[in-house]
Amino acid sequence: MDYHSLIFPLGIIRFFQIFLSCTAFSLVASVNAYGGSYGAWCMFTWILCFIVTVFIVLLELTGFFHKLPISWEDFTSAFSMLATLMIFTTSIIYPSVYLKGSCSGHVCACKGSATAMSILCFIAYAVEVGLTRAKPGEISGFLSTIPGLLKVFEAYVACLIFSLLDNGHLYNDNSGRQWCMAVYCICFIITTVIIFLTIGRLLASLPFPFEKFLIGYNVLAVLMYLSAAIVWPIFSFKGNGTRPNSCDSNPGCTWNSLLGATFLTYMNLIAYITDLVYSTKMVFFTTPA
């Protein structure tokens, strides 16, 4: 048993994550305030983060993670980044949907408290990302570097885009949107494969230099997302630039989904550009120690 892992800053932070995520979903479950797809997503996020964090703590406590055929550092770095993004999204969605309008009494107090716990949980996971992120000059796993963390961010944002476009199959209306959907899918698949190859310690078995491939892929992803950033708004808002009044009371409004996908497309474009800059710097401008 490695009890020292429990008293290190990272171990203490993980106990906060477990407590806060458990409290959040317990409060919501106690008043059954998670009806609908948005509530199901929030509950899924809190419960998933709780279970995986408990799993990580137990494996580090017992030392069993040394026997796993994966890169433990890359796995924990990727999960902490993913959990940060998921909890952040949940901390926005839940109060936006379930704390709207008049709210009072015990049910409202539980909803508000769950939101507060979720925000604190997001901060706890963000602190873990900061603690485990590779510092300049350190030898560490790829997913703990800025390009690695950006890969998790890019894949997660693509998932959000997919969830928005699934609203009425918005990607299937015309050839322009179909091209954009192809961009999102291709980049998501390649990025996800890179993440899994890294966690599975399979990068060394690739028949080509991973660093050079990463730069080439980032260049391609930037160009593809740049085209999507131009094409998507044109084929989504041409003749439909004004937000319908009905969207104020309809969370699943098509126009809102189109706007959200546009915003996320630009976010991922910026992420891939940043990824390209950092990857290029790591390969060509980092002096070996």
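Helices (H or I, at least four residues) and strands (E, at least two) are DSSP runs, numbered from the N terminus. Thr280, for example, lies in helix H8. The model is a predicted one, in which local features need pLDDT of at least 70 and side-chain atom pairs count only at pLDDT 80 or more, while totals for chains, interfaces and linings use all residues. Residues are numbered from 1 along each chain as its sequence is written, and side-chain values use heavy atoms, with hydrogens and water left out.

**Overall make-up**

- The protein chain contains eight helices and zero strands.
- Read from the N terminus on, its elements follow the order α-α-α-α-α-α-α-α.
- Buried means under 20% relative accessible area, exposed over 50%, and partly exposed in between (1.4 Å probe, protein chains only).
- Of the 289 residues in the protein chain, 44% count as buried.

**Salt bridges**

- A salt bridge is a side-chain nitrogen of Lys or Arg within 4 Å of a carboxyl oxygen of Asp or Glu.
- In general, side chains of opposite charge can pair when their charged atoms come close.
- Four salt bridges are found when the whole structure is searched.
- One of them joins Arg14 to Glu60, with the closest N and O atoms 2.7 Å apart. Because Arg14 lies in helix H1 (residues 9-30) and Glu60 in helix H2 (residues 36-62), this pair ties together parts that are 46 residues apart in sequence. Arg14 and Glu60 are both buried.
- Another salt bridge brings together the side chains of Glu128 and Arg14, at 3.0 Å from N to O. This pair links distant parts of the chain, with Glu128 in helix H4 (residues 105-132) and Arg14 in helix H1, 114 residues apart. Both Glu128 and Arg14 are buried.

- Lys151 and Glu154 are separated by about one helical turn, because they stand three residues apart in helix H5 (residues 146-165).
- Lys151 counts as buried because its relative accessibility is 0%. Glu154 is likewise buried, with a relative accessible area of 0%.
- Helix H5 as a whole is mostly covered, with 14 of its 20 residues buried.
- The expected span of a helix is 1.5 Å times one less than its number of residues. H5 has 20 residues and reaches 28 Å from its first C-alpha to its last, close to the 28 Å expected at 1.5 Å a residue.

- Helix H7 (residues 210-237) has 28 residues, so at 1.5 Å a residue it should span 40 Å; its end C-alpha atoms are 39 Å apart, which agrees.
- Two packed helices are described by the angle between their axes and the distance between the axes.
- Axes are lines fitted to C-alpha atoms, for helices over the stretch in contact, and angles run from 0 to 180 degrees between N-to-C directions.
- H7 packs with helix H8 (residues 254-284) at an angle of about 160°, and their axes are 9 Å apart.
- H7 and H8 are therefore roughly antiparallel to each other (angles under 35 degrees count as roughly parallel, over 145 as roughly antiparallel, 65 to 115 as roughly perpendicular and the rest as oblique).
- By class, the contact of H7 with H8 has 24 nonpolar, seven polar and three charged residues. Ala, Val, Leu, Ile, Met, Phe, Trp, Tyr, Cys and Pro count as nonpolar, Asp, Glu, Lys and Arg as charged, and the others, Gly among them, as polar.
- The C-alpha atoms of Thr280 and Ile215 are separated by 6.5 Å, although the two residues are 65 residues apart along the chain. At 21% relative accessibility, Thr280 counts as partly exposed.

**Positive phi values**

- Most residues other than glycine have a negative phi.
- Asn32, a residue other than glycine, has a positive phi near 55°. Asn32 is placed in the loop between H1 and H2, and it is exposed, with a relative accessible area of 56%.
- Arg201 is not a glycine either, yet has a positive phi of about 55°. Arg201 sits in the loop between helix H6 (175-199) and H7 and counts as exposed at 55% relative accessibility.
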